[in-house]
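Subject: Structure handover

Hello,

Here is the structure for you to look at. My notes on it follow below.

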Amino acid sequence: EESKKEYSNITFTNSYKDIGNVVLGSSKEIEFYAVNKSDIPLIIDSVKSSCSCTVSKFPKKPILKNDSGLILARYTPNKTNVGFLEKSIVVLSNTKP
């Protein structure tokens, strides 16, 4: 008998951020809030970035219905990050793919 997998439902209070100019040798921290819109606790397994110039922190405990969890992403440019750039982070969780 196959077990039925239950999925949570995630929304973000802001899924895009323009951080403006970031000077080489400095960094900028960006905040995102993940909101659970389902009865199933939201479990964030990991947050992956599109480059090593961005590191993140995320809640390790389940996020209950209508609660939110803070995801922090810190962008630190290096010598190859010059000019207009678009970086992304991906949140892996118990939501439907």
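**Aspartate 39**

Aspartate 39 is exposed, because its relative accessible area is 61%. (Buried means under 20% relative accessible area, exposed over 50%, and partly exposed in between, with a 1.4 Å probe and protein chains only.) Aspartate 39 sits in the loop between β2 and β3. Strands here are DSSP runs of E with at least two residues, and helices are runs of H or I with at least four, numbered from the N terminus.

The side chain of aspartate 39 makes a polar contact with the side chain of lysine 65, at 2.9 Å. (A polar contact is a pair of N or O atoms within 3.5 Å; within protein, one must be able to donate a hydrogen and the other to accept it, and residues adjacent in sequence count only if both atoms are side-chain atoms.) Serine 8 is 31 residues from aspartate 39 in sequence, yet their C-alpha atoms are 7.2 Å apart in space.

**Before you read on**

This is a predicted model: local features need pLDDT of at least 70, side-chain atom pairs count only at pLDDT 80 or more, and totals for chains, interfaces and linings use all residues. Residues are numbered from 1 along each chain as its sequence is written, and side-chain values use heavy atoms, with hydrogens and water left out.

**Strand pairing**

β1 and β2 run antiparallel and are joined by 3 bridges. (Two strands pair if DSSP finds at least two bridges between them.) In this pair, threonine 11 stands opposite valine 35 of β2. β2 also pairs with β5, again in the antiparallel sense, over 8 bridges. There, glutamate 31 faces leucine 72 in β5.

**Two buried residues**

Valine 47 belongs to strand β3, residues 44-49. Valine 47 counts as buried because its relative accessible area is 11%. What does valine 47 contact, leaving aside neighbours within four places in sequence? The list is Ser56, Phe58, Ile71, Ile89, Val90 and Val91. (Contact means heavy atoms within 4.5 Å.) Glycine 25 is 22 residues from valine 47 along the chain, and their C-alpha atoms are separated by 24 Å.

Threonine 54 is in strand β4, residues 54-57. Threonine 54 is also buried, at 10% relative accessibility. Residues up to four places away in sequence aside, threonine 54 touches Ser49, Ala73, Arg74, Tyr75, Lys87 and Ile89.

**Lysine 28**

Lysine 28 is in strand β2. A polar atom of the lysine 28 side chain lies 2.7 Å from the backbone oxygen of isoleucine 19. Beyond four places in sequence, lysine 28 touches Ile19, Asn21, Val22, Ala73, Arg74 and Tyr75. From lysine 28 to valine 47 is 19 residues along the chain and 17 Å between C-alpha atoms.

**The largest pocket**

The largest pocket holds about 850 Å³ of space. (On a 1 Å grid over the protein atoms alone, a pocket is an open set of points where a 1.4 Å probe fits, with protein on both sides within 12 Å along at least five of seven lines; lining residues have an atom within 4 Å of a point.) Its lining has 32 residues, with Lys17, Ile19, Leu85, Glu86 and Lys87 nearest the centre. β1, β2, β5 and β6 each give two or more residues to that lining. β6 gives the most, with 4 residues.

Best wishes

Methods: Points joined across faces, edges and corners; volume = space filled by probe spheres on them.
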